Amino acid sequence: MRKGSIRRIVIRGPNWLGDAVMSEPAVRGVRRLFPEAEVTLLVRPAVAELFQGHPAVDTILVYDRQGRHAGLAGRWALACQIRRQGYDLAILFQNAFEAALLTFLGGVPERCGYATDGRSALLTLAVPRPGREGRLHQVAYYWNMLKPLGLHGEPPAPTLSTAAEEDAAAERLLRNAQVGPGDVLIGINPGSTYGGAKRWLPERFAETADRLVGAVRKETDRPAAVVIVGAAGEESLGLSIASRMRARAEVFSGRTGVRELMAVIKRCGLFITNDTGPMHIAAALKVPLVAIFGPTDWNTTKPFGVEHRLIRHPVECAPCLLRECPIDHRCMTGVTVDDVYQAAVKLLGVVESERRQTESQRSEAPGLMTLRPSDLSTTLRGVTVFLDRDGTLNPDTGYVKSPEELDLLPGVGEALSRLKRAGARLVLVTNQSGIARKLLTLGDLELIHTKLRSLLESAGAALDAIYFCPHHPDDACLCRKPGTAMVDRAVADLGLDLSRSYVIGDQLRDLELAGRIGARGILVTTGPLGPASLEEVKAAGVAPHHVASSLTEAAEWILADAAKKHQLSAVSYDGREARG
């Protein structure tokens with residue numbers, strides 16, 4: 001395949017919401033591989049809503065299987081529509097034979113997908129499907145399908161967003177349900193369209209929600225509200241749970257479209273859920289969540305790259321992947337109310353601690369307006385923090401040549417977790433000239449970064465992307481810092497706003513990069529130069545916005561700096577004009 005000849009791409013996305021969310025990083029990967037191509041996403045209506053306005057997608061083609069594309073005539077009409085569009089490449093994240101057949105009949109010359117469902121003969125690039133022994137997470141499953149096309153590295157976490165008007169509509173919906181802007185919102189997602197085997201017991205959802213409402217009031221002196229969400233057809237389940245509760249719960253099951261559901265979930269301070277599509281939506285919106293797993297494989301579909309607690313009761317027959325349990329549903333009945341409640345309380349404690357710390361920082365800065373409590377976990381929404389690696393995240397030993405040589409500096413995981421929970425995107429940009437110097441290979445670097453991702457994810461601080469420059473300093477490339485090519489690529493891949501970005505590093509070149517991209521630069525003195533690096537920076541005439549003795553201090557400064565954006569020149573949340 002000549003990549004330069006690819007001008008129009010059609011992506012056949014997965015059918016289910018959860019799978020579609022897990023394919024989102026790979027959709028961004030397509031954009032990374034073909035930055036100039038026009039990308040069309042072919043998906044069912046619900047998934048079309050999910051990807052509405054996504055920066056990596058130019059056009060959405062809705063596959064109306066129950067309407068105009070029903071039956072053989074409808075499928076042929078869709079194939080003809082694909083043919084008229086003149087696509088050069090079809091990327092099939094959906095595994096079915098039909099996906100390959102439609103694009104074959106649609107005349108797409110290049111067709112890439114996993115060799116599943118007997119469709120290899122219809123594909124021009126049939127990617128071998130990984131064996132079950134690998135037990136890849138679905139995010140990696142979709143991402144790795146693109147590696148034969150040239151995609152490299154490990155996948156970032158799925159990311160979704162809602163528009164300001166959608167958030168405002170959700171606030172109105174909640175306000176009509178007597179949920180105040182200061183209420184801690186607890187979301188409950190008790191259903192599962194896949195089948196009853198994935199559902200925890202309704203009475204236990206009810207008891208857990210009641211106990212959490214009481215705990216919030218007791219520990220934080222703040223009101224709590226419960227909202228139950230679900231798909232059409234799950235209304236009776238939601239009403240059943242609400243009727244068992246002492247606290248009032250609003251049932252939104254069947255009342256929201258996908259975009260409204262996303263905005264309501266985004267407003268939650270905590271989300272308790274079975275293994276379903278809304279679980280992955282909450283994770284992609286960076287909402288703290290407790291996920292209850294029974295018959296499904298937690299290794300492949302657990303929340304990816306977000307602060308969460310996974311609850312399961314180990315039994316010999318799980319994961320069975322059955323829609324309905326043929327015996328006694330022991331994988332779910334073994335999960336107790338205490339299991340879920342204790343996990344939820346710990347997560348709420350983290351969120352509340354973050355809220356109090358943020359409020360304390362704002363109270364120390366004169367003239368700052370008070371944020372809504374619902375905003376406290378999204379202080380850095382839309383903000384990107386670019387991170388150096390050696391000397392910033394891990395000790396700079398000269399060259400890290402193997403995973404065994406990489407360890408995080410003290411406090412790094414906790415500091416980045418705070419930024420992540422506040423809504424920031426974390427992007428690593430690192431010079432790795434050791435590759436050009438033959439000190440390590442690209443494979444070595446990938447293993448090192450796999451370990452780095454694992455260490456950070458276990459701390460609740462998953463990286464959104466990793467970019468590296470493998471060139472020698474004498475190569476005069478555009479990507480080696482302070483060159484901006486790595487950042488330019490991140491902007492194209494992730495749709496970043498550089499006007500709301502920070503760069504943290506231990507070297508002069510990191511601050512020079514910050515200056516070139518218009519970011520706020522933070523110098524950490526944890527590298528080999530230590531505090532002396534500040535003198536080097538002063539001599540070069542590059543002034544950092546802040547000097548920090550650790551990444552912990554750098555994170556605290558970013559949170560405080562972001563809080564200053566909410567000054568009295570803005571309009572306060574209760575609608576009164578504030579004086580600047």
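Ala 90 stands opposite Arg 111 in strand 5 (residues 110–114), and the chain reaches that strand from strand 4 (residues 89–92) by way of helix 4 (residues 97–105), in a β-α-β crossover that is right-handed. The model is a predicted one, in which local features need pLDDT of at least 70, side-chain atom pairs count only at pLDDT 80 or more, and totals for chains, interfaces and linings use all residues. Residues are numbered from 1 along each chain as its sequence is written, and side-chain values use heavy atoms, with hydrogens and water left out. Helices (H or I, at least four residues) and strands (E, at least two) are DSSP runs, numbered from the N terminus.

**Strand 4 and its neighbours**

- Strand 4 pairs with strand 5 in the parallel sense over 4 bridges, where pairing requires that DSSP finds at least two bridges between two strands.
- Strand 1 (residues 8–12) also runs parallel to strand 4 and is joined to it by 4 bridges, with Leu 92 of strand 4 as the bridge partner of Arg 12.
- The crossover from strand 4 through helix 4 to strand 5 is called right-handed because, with the strands pointing away from the viewer, the path from the first strand over the helix to the second runs clockwise.
- In a regular strand the side chains alternate between the two faces of the sheet.
- In strand 4, Leu 89 and Ile 91 point one way while Ala 90 and Leu 92 point the other way, and all are buried, a term that means under 20% relative accessible area, as against exposed at over 50% and partly exposed in between (1.4 Å probe, protein chains only).

- An open sheet is formed by 6 strands in the order 9-8-7-10-11-12, with parallel pairing, and its edge strands, strand 9 (249–251) and strand 12, each pair on one side only.
- Neighbouring strands of this sheet are turned by 15° against each other on average, direction ignored.
- Within this order, strand 7 (residues 184–189) pairs with strand 10 (residues 270–274) in the parallel sense over 4 bridges, and Gly 187 stands opposite Phe 271 in strand 10.
- Helix 7 (residues 202–220) lies across strand 7, strand 8 (224–228), strand 10 and strand 11 (289–293), and runs at about 170° to strand 7; axes are lines fitted to C-alpha atoms, for helices over the stretch in contact, and angles run from 0 to 180 degrees between N-to-C directions.

- Ile 281 touches Leu 17, Val 21, Leu 50, Leu 160, Leu 261, Met 262 and Ile 265, not counting residues up to four places away in sequence, where contact means heavy atoms within 4.5 Å.
- Helix 9 (residues 258–267) is mostly covered, as 9 of its 10 residues are buried, including Leu 261, Met 262 and Ile 265 as well as Arg 259, Lys 266 and Arg 267.

**The loop between strand 12 and helix 12**

- His 329 is placed in the loop between strand 12 (308–312) and helix 12 (330–333), and counts as buried because its relative accessibility is 16%.
- A polar atom of the His 329 side chain lies 2.8 Å from the backbone oxygen of Ala 197, and His 329 touches Gly 196, Ala 197 and Arg 199, not counting residues up to four places away in sequence.

**Other backbone features**

- Asp 117, in the loop between strand 5 and strand 6 (125–127), has a phi near 55°, a positive value in a residue other than glycine, and is exposed, with a relative accessible area of 53%.
- Lys 286, in the loop between helix 10 (277–284) and strand 11, has a positive phi of about 65° although it is not a glycine, but Lys 286 is buried, with a relative accessible area of 14%.

Methods
A polar contact is a pair of N or O atoms within 3.5 Å; within protein, one must be able to donate a hydrogen and the other to accept it, and residues adjacent in sequence count only if both atoms are side-chain atoms.
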